[in-house]
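Please keep the structure in view while reading.

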Amino acid sequence: MASSNKKSGMGGGNKLGLWLGIALVIILLDQFTKVLILGNFQLGDSRYVTSFFNVVRVHNTGAAFSFLANAAGWQRWFFVGLGAVATVFILVMLKRHGQQTLFATALSLILGGAIGNVIDRLLHGYVVDFIQVHWSGRAFPSFNVADSAITVGAVLLIWDEVRRVRKG
């Protein structure tokens, strides 16, 4: 019986519960911060925090850097579908490779971020962004906790791959 649990990814070496827990923390943190922004800011509001950071309220109907934001509305469902496909793919990868800590951590961050932004698209039709970094009069496109998790996850994936290639 123990071998069937291990084969199905439920064995102690996989740690699937841990990886899903990390994704859940990202989703909850992302949605909590977005609820705070939606409750305390009007669209377009901006509050100065430091010389390089503002809290703003921006609605992004596109993807990263507002890619496809001006499309006719089909992009909402395209990105929801893409998020669903990515979620299934990541879950399969976590089940198969959950014992690889850096790889699985990266996937967990990406999973949590992707689901956080899909929730926004389903609830609102757009993603709520609120972090704005700027320097010398130039502002980086606004982003959120989900975007940050996806970015950190992507960096960790690259780092994991570089480490793997160097070992091989």
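**Buried charges and nonpolar cores**

Lys 34 has a relative accessible area of 2% and therefore counts as buried. The model is a predicted one. Lys 34 forms a salt bridge with Asp 120, with 2.9 Å between the closest N and O atoms. This pair links distant parts of the chain, since Lys 34 sits in helix H2 and Asp 120 in helix H4, 86 residues apart. Asp 120 is buried, as is Lys 34.

A salt bridge also joins the side chains of Lys 34 and Asp 30, at 2.8 Å from N to O. Here both residues belong to helix H2 and are four residues apart, about one turn of the helix. Asp 30 is at 0% relative accessibility, so it counts as buried.

Glu 161 is partly exposed, at 35% relative accessible area.

Asp 129, in strand S3, is buried but has no salt bridge. Its nearest side chain of opposite charge is Lys 34, 6.1 Å away.

The nonpolar residues come next. The largest nonpolar core has eleven residues, including Trp 19, Met 93 and Phe 103. Helices H2, H3 and H4 each supply at least two residues of this core, and H4 gives the largest share, five residues. Apart from this core lies another, of nine residues, among them Ile 37, Phe 41, Phe 130 and Phe 143.

Notes
Residues are numbered from 1 along each chain as its sequence is written. This is a predicted model: local features need pLDDT of at least 70, side-chain atom pairs count only at pLDDT 80 or more; totals for chains, interfaces and linings use all residues. Side-chain values use heavy atoms; hydrogens and water are left out. Buried means under 20% relative accessible area, exposed over 50%, partly exposed in between (1.4 Å probe, protein chains only). Lys and Arg count as positive and Asp and Glu as negative; His and the chain ends are not counted. A salt bridge is a side-chain nitrogen of Lys or Arg within 4 Å of a carboxyl oxygen of Asp or Glu. A nonpolar core is a set of buried Ala, Val, Leu, Ile, Met, Phe, Trp, Tyr and Cys residues joined through side-chain atoms within 4.5 Å.
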